[in-house]
Each structure stands twice: as structure tokens, then as C-alpha cells.
Amino acid sequence: MASPGAKESRTPRFVMDIGNQLGTSAILHPTLVIRTLMQVGHEPVPSVAGRSWFGFGSRCYYLPNAYSYAKHLRRTEGITSLYSGLVPHLMGALVQGVTATYLCDKVLPVSKKDARATSQSLEQLGKEIGRKAAIKVATVVVSHPFRVVCIRMVVYHVGKEAAYSTMRGTISAIYENEGFGGFFSGLMPRLVGEVVAVVAFDLLMSLVIKAVDSTGGADDQDEMEVYARSLVNFVLQIAVYPFHLASTLMIVDSSGMAASAAVPRCDGSWWTCLRSLYSSGDHMRGNSFYGRVDSRKKYFYGTPV
């Protein structure tokens, strides 16, 4: 049984972790607004002609970067437009953080054995991956309704539907038009993407750690593992991005809002939505904030079409 002192020492750490997470989410929220509007194909600023490869490649049209996009929103709709959906975003982050902490401490605690993958058998590694996947599933499910409300409030700026201008109005509109299930639209692709990322990360890191250990050189092992974790996480975030994009598009597609006009028809199937994105080459739409080529316009031998 944990001593009172140990319990007290954990509480401030938990509060600090949640506070840091909420603070980071609030600071980065404008990037979520911009990315979401890019994902649904809302491009209020016309593209401009340019050349790829730093001006030495073929001619093409470029869409505005994230800074220009944010400046346009601030000028036309005010600074508050960059913080649309902030409250449900923070509430979702809070619920996700509290749920993850509770599950890690009370329901699925970490084994006291060495956490390094090299000291684990294949069975132990499988159990650890299953534990992390279960926690990820739980946190995604409980936080998803807040994500749906947040996305709907962000894309309100496309068609200015009055029902989605406030958090209370958005919740009412979702429940009245789609029922309770509306709060879980787009859940499956997000869930699949998150679980795939968790499983792939642990499997890849187990291979990386074994490779690092086999080379000896214990002095550099920790540093190499830090770099490897960052690199693997970066690659996996890119790999599963289409799943998160499909989730956002399904949330918008089922709303009937003006923003759904530029969204590929999903017909309620996340697999159909994903295939449609890949077939049209839009599976990475909104992933980049800079150097965004406008696929709707092309240059052929110097002539724009």
C-alpha cells in the first residue's frame, strides 16, 4: 500500500502534467483551426503561380501558407476565429489525460520489471503493447465527442450556420439532427490510426533498442534511443495521418453543413472515405502548412489551366 507521502508527491506531478497539456493545447489551438479548414478544402485565399524546388522546378500554383491563412482569418473574422472550438478541445484533452492517468495507475498499472524491450520476452512485449493499446482505445473513445463538437465549431466559419456558432448550440444541433451517435461520427478511422501508431511504435522501438544494444557503446545508448523515438514517432505520425484526415472529413460529412460540400462522400464508411482520399491523391491534404501545391490548377508548358 502506498504511503500518504507518496500519494501526495504524485498529486502535484499529475496536476502539472495535465496543466502543461492544457496549456500546450491552448497555445497550439490556432494551428488546429487552420489545419481543419485546410482538411475540409476551405481555401478563401486564391493560389498564386510559382515554381517548385525553391524556384528552379516546374511551374505550379501554390496555396497560402499557414501564416497567410491565419492572417486572412484574423483580418476577415477577427482574432477569435483562431480560437473557435477551444473550450471543447481543452475539455477533450482534460478528459483524455485524466482517463489515461487513472487507467495507468489503477486499472492497468505498469509492471515494475525493467521496461526496456530487450529485457522482455515476446509474450511480455505483447502484453505491454496490448496494455497501451487498451488505454489508447479508452482515451480516444471518451474524448471523441469533444473532438466532434470542436471540429463542427471550427468549420462553422465556412457556411456561418448559426446553430454551430456556440458550444451549447453545437451540442444541441448534433443531438437533434443525428442523435447520440452523432457525437461518435468519425470515431473508427481515428481509433484505427491511433492503435496502429501505438502498436507500430512499440514494435519498431523494440527492434531499434535491440540493434542499439548489440552495438555495445553503453555511453551513447540513451541518447540514440531518444533520437530513435523522435524519428519513429515522426514517421508514424505521417503514416497514420490519412486516418485522422478521414475522421475529420466524416465528422463534417455527416453534419450537412456547407463545409461538407468539398468533402469526399463517405456514405458512413470510413474505409470508403479513405479509399476515396487515396484515389484522388488527397490523402495528405492539410498535412503541410507550407509549400502547398494547388492540385486543382496546373501549368502545362507555361500555360495555366
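This is a predicted model: local features need pLDDT of at least 70, side-chain atom pairs count only at pLDDT 80 or more; totals for chains, interfaces and linings use all residues.
How do the residues of the lining of the largest pocket divide into nonpolar, polar and charged?

Residues are numbered from 1 along each chain as its sequence is written, and side-chain values use heavy atoms, with hydrogens and water left out.

**View 1. The whole chain.** The protein chain has 11 helices and 4 strands. Helices (H or I, at least four residues) and strands (E, at least two) are DSSP runs, numbered from the N terminus. Of its 305 residues, 39% count as buried. Buried means under 20% relative accessible area, exposed over 50%, and partly exposed in between (1.4 Å probe, protein chains only). Take the contacts with a separation of 6 or more: 74% of them join residues 24 or more positions apart. A contact means heavy atoms within 4.5 Å.

**View 2. The largest pocket.** Rolling a probe the size of a water molecule over the atoms shows where empty space is left. The largest pocket holds about 1500 Å³ of space. Its lining has 44 residues, and Gln96, Arg190, Glu194, Gln237 and His244 are the closest to its centre. On a 1 Å grid over the protein atoms alone, a pocket is an open set of points where a 1.4 Å probe fits, with protein on both sides within 12 Å along at least five of seven lines; lining residues have an atom within 4 Å of a point. The lining divides into 18 nonpolar, 18 polar and 8 charged residues. Asp, Glu, Lys and Arg count as charged; Ala, Val, Leu, Ile, Met, Phe, Trp, Tyr, Cys and Pro count as nonpolar; the others, Gly among them, are polar.

**View 3. Helices around the pocket.** Elements that give two or more residues to the lining include α1 (4-39), α4 (86-107) and α8 (187-214). The largest share, 10 residues, comes from α5.

**View 4. Aromatic rings.** The count comes to 4 aromatic pairs. Rings of Phe, Tyr and Trp (its six-membered ring) pair if their centres lie within 6.5 Å; planes under 30 degrees apart count as stacked, over 60 as edge-to-face and the rest as tilted. Phe243 and Trp270 form a tilted pair, 6.3 Å centre to centre, with 45 degrees between the planes. Phe243 lies in helix α10 and Trp270 in helix α11 (residues 270-280), so the pair ties together parts 27 residues apart in sequence. Phe243 is buried at 16% relative accessibility, whereas Trp270 is partly exposed at 22%. Elsewhere, Phe180, Phe183 and Phe184 form one aromatic cluster.

Methods. Grid points are joined across faces, edges and corners, and a volume is the space filled by probe spheres set on the points.
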